[in-house]
Amino acid sequence: MNFNGRLVLRIVMVLSLVSLMGCDQKYKDAEEKMTQYLNEKYGEEFVVENVGGGYGSGIFSTDTIKAEAYPPNSPRHRFRAEITKDFSKVWDNYMNIIMADKFDEKMMKVSQEVFGQKELWVKTHLDSGGLSFPARDLNNKNMSIEDYFKAEAINGIAVDLFMKSEPNVDKEREAEKVDKLVDRVLALEEFKHGFISVFYLKPSVFEQVSTEFYTVGEALHYYTRKEMSYTHTFAKISEAKKVYSVQEILSHFDWEYKKF
């Protein structure tokens, strides 16, 4: 390589280093701004991390900086946050996480009624639509789930239902129960879209599900394994209508999870 070539290479390396240093400082500033905003908005402390990436493009493509956050005393309440690059606005979906906990209680009661079983556990996920966020002025963590649904248009829901089971599952009867559960969710008239997964767990696995759920990564992959559950199935809601019949829900038992 001649002198001119080495000079150009050195200039490129220096400019790249300067650019990286600038990004690092930008992300540190964004972390501080988001932390301050979240602390003031919700009146509690938060840890902000993975600034600059972690789950896809921002809601305004390249116009925002992404991050994840959670209360230090509750890492399982991890949520998304984004800030504009001029640091003028911050969005987050913490309220969806808080309200999902409250909705879990309702779904627990409904599921126990439908399945006639007390030993079950439910985890729901509320979706404001795509990568959208709840309204920025929603910060009352004490509001009821009913009031929240009036204030925030929730687009969809994902329900993971885990039951303590025995090996011989009456799949035809259970398919009918799953269908009834879908009817109960539709009766709430709150969701346009939904996905309900039902897992019939082995007793030893069920005893740990309420804590392990937050550490296993992809729940569908983990709990559909034969060493975890005896069987599993799913149902779906689209455009506020039931997608699958009882027979189709029955055919979904033991479906093989494939990660795309």
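Predicted model: local features only at pLDDT ≥ 70, side-chain atom pairs only at ≥ 80, totals over all residues.
Residues are numbered from 1 along each chain as its sequence is written, and side-chain values use heavy atoms, with hydrogens and water left out.

Angles run from 0 to 180 degrees between N-to-C directions, the axes being lines fitted to C-alpha atoms, for helices over the stretch in contact, where contact means heavy atoms within 4.5 Å.

Two strands count as paired if DSSP finds at least two bridges between them. S5 and S6 pair in the antiparallel sense over 8 bridges, and within that pairing Lys 123 has Asp 160 in S6 as its bridge partner.

There is also an open sheet of 4 strands, antiparallel in its pairing and ordered S1-S2-S3-S4, with strand S1 (47-49) and strand S4 (90-92) as the edges. Its neighbouring strands are turned by 30 degrees against each other on average, direction ignored. S3 and S4 pair over 3 bridges, and Ala 81 has Asp 92 in S4 as its bridge partner.

Now to the pockets, which are found on a 1 Å grid over the protein atoms alone: a pocket is an open set of points where a 1.4 Å probe fits, with protein on both sides within 12 Å along at least five of seven lines, and lining residues have an atom within 4 Å of a point. The largest pocket has a volume of about 940 Å³, where volume is the space filled by probe spheres set on the points, which are joined across faces, edges and corners. Of its 30 lining residues, the closest to the centre are Arg 78, Ile 97, Thr 124, His 125 and Phe 213. Strand S3 (79-84), helix H2 (94-115), strand S5 (120-127) and strand S6 (156-164) each give two or more residues to this lining, and the largest share, 5 residues, comes from S5.

The second largest pocket holds about 150 Å³ of space, and S6 and helix H4 (171-187) each supply at least two residues of its lining. Among the lining residues are Phe 115, Met 163, Glu 174 and Tyr 200.

Finally, a search of the whole structure finds 16 salt bridges, each a side-chain nitrogen of Lys or Arg within 4 Å of a carboxyl oxygen of Asp or Glu. One of them joins Asp 101 to Arg 76, with the closest N and O atoms 3.6 Å apart. This pair links distant parts of the chain, 25 residues apart, with Asp 101 in helix H2 and Arg 76 in the loop between strand S2 (64-70) and S3.
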